[in-house]
Amino acid sequence: MASSAIDRELLMTGQLPQLQRYYADLHIHIGQTEKGAAVKISASRNLTFANIAREASERKGIHLTGIIDCHAPHVQEDIRRYLEDGSMTEIEGGGIAYKNTVILLGSEIEIREGTRPEAHVLAFFPNLASITDFSGWMSRRMKNVNLSSQRLYAPPRELQAEIYGRGGIMIPAHIFTPHKGIYGSSAMRMAELLDLDRISAVELGLSADSEMAGYISELDCYSFLTNSDAHSLGKIGREYNELLLATPSFAELRLALERKHGRKVVGNYGLNPRLGKYHRSFCTGCGTILDEEEIAADRCPACGHPKLVRGVFDRILNIADRAESCLPDHRPPYIYQVPLEFIPGLGKVKLNLLLERFGTEMNILHEANEEAIAAVVGPELGRSIVMAREGRLQLIAGGGGTYGRIDRSGGFAQN
């Protein structure tokens, strides 16, 4: 329901529609089309539009799914075929419905301002017609519009005007990562590249959380999102959001990000930043992950290489404009949660047993109690799963493009 329609309903009835909680993962890549044309080169080939819809709805239990390679004309051909055969339907409010999931049509775009390093942003549109029109505009400013995350040869602020002029929204992606994050590699402030009034939210990325972002005052007014950036079906939902909406749709998401009419983000579920690939600083020469005091050195203490890449938290402290993190009142809790695939001993067979019993991964993570889980996979795994979703497993930090991991020898962390 669009904002103007809600305003009319409020005037007539004095009541908001009934709001419910929904799970959303808004950054999922397409590996290839149904005909085998490549889209995201580094993504799994079974990441097709239809497979993502099935995985999100039937296995993960994600209600609102953002597929961010829908700008590709070859992908749009697949979408039209699903709409024509009736397996999917465009809905009022924006989005495409498949069973219990609504898919938002998006694009990840590489921007650059002058000689600065590149950064990635996400754009979402209410329907196939609007993103198709946007693709026509991009195709004249991009070398290959059929591929994912391609460089746009136009000023970032012009891109924003084109997105919002078509009723879309823009979200800077994985903002702190040293690989194409706007703070991580391109600028100390978003205002150096972008019109701050044409940003609908920011995506933190796998190596950051709300408290870390609280060192930068420029971010106070924006809603935070935590998304998977999935390059395979199994990674869908490794980070996700809990939204308060009337129903899953583009219009409702927009209201939630603006925190209007009761809609809002009520929870960010993400990896402990120590599990992220870029949490710690590292040497590009030998791959050594550096201690915090070592990043101040000119050369790697292990191999002498001069190229040291600052990890996410070190970068945040370097560009911070506050001595301490400060979170505005509207900021929802950031809940550390280890994805099921990270848990030692929980292989495909046992995970499938849990899915047969509880239906979806969201049900396992949010609804099933320890006793019920243990009845399916045993008490040790049952306890590990509960501790994982409470963020209490011991972790070994990631860095240098390698994910952190659970420390099998360390047992459980103490909160």
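Buried here means under 20% relative accessible area, a cut-off that helps with the views below of this predicted model.

View 1. C303, at 42% relative accessibility, is partly exposed.

**View 2. S149, a residue other than glycine with positive phi.** Take a look at the loop between α4 (128-139) and α5 (156-165), where S149 is found. Its phi is near 55°. The relative accessibility of S149 is 8%, so this serine counts as buried.

**View 3. H261, with a positive phi although it is not a glycine.** Here the loop runs between α8 (250-258) and β11 (264-270), and H261 is found in it. The phi of H261 is about 55°. At a relative accessible area of 21%, H261 is partly exposed.

**View 4. F176 in the largest nonpolar core.** This core has 86 residues, and F49, F176 and L219 are those with the most contacts inside it. If you set aside neighbours within four places in sequence, F176 is in contact with Y183, G184, L204, A208, A213, I216, L219, V312 and I316.

**View 5. A second, separate core.** Among its 25 residues are L354, L365, I373 and I385.

Definitions and conventions. Residues numbered from 1 in each chain as written. Predicted model: local features only at pLDDT ≥ 70, side-chain atom pairs only at ≥ 80, totals over all residues. Heavy atoms only, no water. Helix = DSSP H or I, 4+ residues; strand = E, 2+ residues; numbered from the N terminus. Buried < 20%, exposed > 50% of the residue type's maximum accessible area, 1.4 Å probe, protein only. Core = buried A, V, L, I, M, F, W, Y, C linked by side-chain atoms within 4.5 Å. Contact = heavy atoms within 4.5 Å.
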